[in-house]
Amino acid sequence: MSVDFQALRRQFPIFEHKTYINSCAYGALAVGVQEAIEQYVQERRMEGALWGPWITKYEQVRALMAQVLRVTTGELAITASASAGMNALASAQVFNRERNTIVISDCEFPTTAQIWHAQQSRGAHCVHVPRAADGTISVERFAECIDETTALVVITHVCFRNGVMLDIPAIVNIAHARGAKVLLDCYQSVGALDLDLHALGVDFAAGGMLKYLLGTAGIGFLYVREQLIKEFVPTHTGWFAQAVIEDMAIDRNEPAQTARRFEAGTPPVINCYAAAAGLQLLLSIGTRSIEERIRGLTEHYRMRLHEIGWPAVTASSTARHGPLVCVAARNAAGLVEVLAEHGIVTSQRDDHLRASFHFYNNEDDVEQLIAVLRTEHSAHAA
Ligand SMILES: Cc1ncc(COP(=O)(O)O)c(C=O)c1O
């Protein structure tokens with residue numbers, strides 16, 4: 001069944017006045033997501049507290065998120081951010097003398113590295129896997145760093161700096177063969193790529209719902225593979241992490257038997273409203289169709305960049321990148337500003353201009369961006 005992407009684009013009012021190519025920073029706001037937020041405000045205004053329906057909404061987010069990741073609801077914690085989920089996971093890690101190394105790729109988002117560096121005061125030892133000059137990290141580099149002392153390998157799916165996608169199944173194979181677990185930060189791929197966490201084989205995964213998942217800031221998830229849940233007892237906890245929330249016990253900590261044990265306090269209810277609406281929209285299109293649509297757009301953009309003599313620094317094959325395509329720029333922040341003057345919203349990291357595509361973008365967006373880049377080439381191309 002073919003998807004009417006032009007009709008879907010009309011659900012995102014920002015395109016009436018801007019060319020928005022910045023989903024790696026924040027997804028565009030859909031009318032349905034705005035309405036969901038307004039519904040929550042209305043409920044508060046009219047009813048005060050509606051805890052029954054609000055908890056149902058929070059469980060709905062878990063169920064929708066499980067569909068997106070193709071995992072079970074019991075394997076998911078709904079958290080306030082990707083960092084919150086990873087901190088809860090870190091609090092459950094026991095570092096012994098035999099296995100205390102955390103192997104961290106140099107493609108990580110700061111939080112995903114900082115949280116593991118913070119565990120050094122609890123006995124962890126961090127080792128980094130460097131990026132090559134082209135921004136990628138080969139599987140061989142991981143093989144050199146992972147050994148029998150490795151407790152955890154921390155990898156990102158799509159690098160926020162340059163758009164490069166790591167070879168997750170190959171890295172997982174190496175890690176597992178040496179007895180290490182794998183945490184995947186899939187924040188920059190979830191919602192844009194068709195994910196199946198069981199098939200990828202990772203042990204843990206974290207992300208948030210404000211980018212390609214179309215929700216809002218203030219809500220994220222942590223996936224923990226079912227067989228591992230009971231092995232990990234977080235000390236970062238709270239009443240929503242307990243086996244029976246309604247118990248209200250103050251004489252013990254009894255973690256849930258599911259990944260909910262990695263949660264803490266009251267769920268971010270308003271964010272659950274936004275997230276549920278975003279996830280429903282995403283699932284109604286299907287992540288396979290979305291990935292295909294994005295691949296078409298990134299391929300088109302890369303081809304047009306090549307034609308104007310400013311080739312992407314992001315890997316040359318779509319198998320090695322996701323929705324984010326970068327070009328090297330002498331003054332990337334200045335270039336973002338020039339583009340903004342033309343109504344084109346992008347972002348920058350390091351010396352890279354980031355253009356990130358979602359199903360609501362189209363080839364006209366690419367052409368608008370290319371038209372400005374063509375005129376800015378001599379001033380900004382690095
Ligand atoms: C790849 C990646 N990981 C982690 C984060 C941080 O997530 P949070 O702020 O939800 O902890 C971001 C935020 O942009 C990100 O892009």
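**Strand pairing and its surroundings**

A: Strand E12 (residues 352-356) pairs with E11 over 3 bridges, in the antiparallel sense. This is read from a predicted model. Across from Gln348 stands Leu353, a residue of E12. The pair belongs to an open sheet of 3 strands, which is ordered E9-E12-E11 and has antiparallel pairing. Strand E9 (324-328) and strand E11 (347-349) are the edge strands, each pairing on one side only. On average, neighbouring strands of this sheet are turned by 35° against each other, direction ignored.

By the domain assignment, domain 1 covers 5-28 + 286-380 and domain 2 covers 34-282. Their C-alpha centres are 27 Å apart. Where the two touch, domain 1 contributes 23 residues and domain 2 contributes 22 residues. On the domain 1 side, helix H10 (287-307) and strand E9 each supply at least two residues. Helix H10 gives the most to that side, with 5 residues. By class, the domain 1 side of the contact has 10 nonpolar, 8 polar and 5 charged residues.

The model also has an open sheet of 7 strands. Its order is E2-E8-E7-E6-E5-E3-E4, and its pairing is mixed. The edges are strand E2 (76-79) and strand E4 (125-129), and each of these pairs on one side only. From one strand to the next, the twist averages 20°. Ile102 has Cys126 of E4 as its bridge partner.

Helix H3 (residues 51-69) touches E2 and strand E8 (220-224), and the direction of H3 makes about 125° with that of E2. Helix H4 lies across E2, strand E6 (181-185), strand E7 (204-208) and E8. The run of H4 is at about 35° to E8.

Helix H3 has a helical neighbour as well. Two packed helices are described by the angle between their axes and the distance between the axes. For H3 and helix H9 (residues 269-285), the angle is about 35° and the axes are 9 Å apart. The crossing in which H3 passes H9 is left-handed. On the H3 side, the contact residues include Trp54, Tyr58, Val61, Leu64, Met65 and Val68. On the H9 side, they include Val269, Cys272, Ala276, Leu279 and Leu283. Lys57 of H3 also takes part in the contact, as do Gln60 and Gln67 of H3 and Gln280 of H9. Sorted by class, the residues of this contact divide into 14 nonpolar, 3 polar and 1 charged.

The shell around the ligand has 13 residues, and the closest are Ser81, Ala82, Ser83, Phe109 and Tyr187. Helix H4 (82-91) and helix H5 (110-117) each supply at least two residues of that shell. By class, the shell has 4 nonpolar, 8 polar and 1 charged residues.

Definitions and conventions. Residues are numbered from 1 along each chain as its sequence is written. This is a predicted model: local features need pLDDT of at least 70, side-chain atom pairs count only at pLDDT 80 or more; totals for chains, interfaces and linings use all residues. A residue is near a molecule or strand if its C-beta atom, placed from the backbone, lies within 6 Å of it. Helices (H or I, at least four residues) and strands (E, at least two) are DSSP runs, numbered from the N terminus. Ala, Val, Leu, Ile, Met, Phe, Trp, Tyr, Cys and Pro count as nonpolar, Asp, Glu, Lys and Arg as charged, and the others, Gly among them, as polar. Two strands pair if DSSP finds at least two bridges between them. Axes are lines fitted to C-alpha atoms, for helices over the stretch in contact, and angles run from 0 to 180 degrees between N-to-C directions. Two residues are in contact if their C-beta atoms, placed from the backbone, lie within 7 Å. A crossing is left-handed if the near helix is turned anticlockwise from the far one by less than a right angle, and right-handed if clockwise. Domain bounds come from an automatic or database domain assignment.
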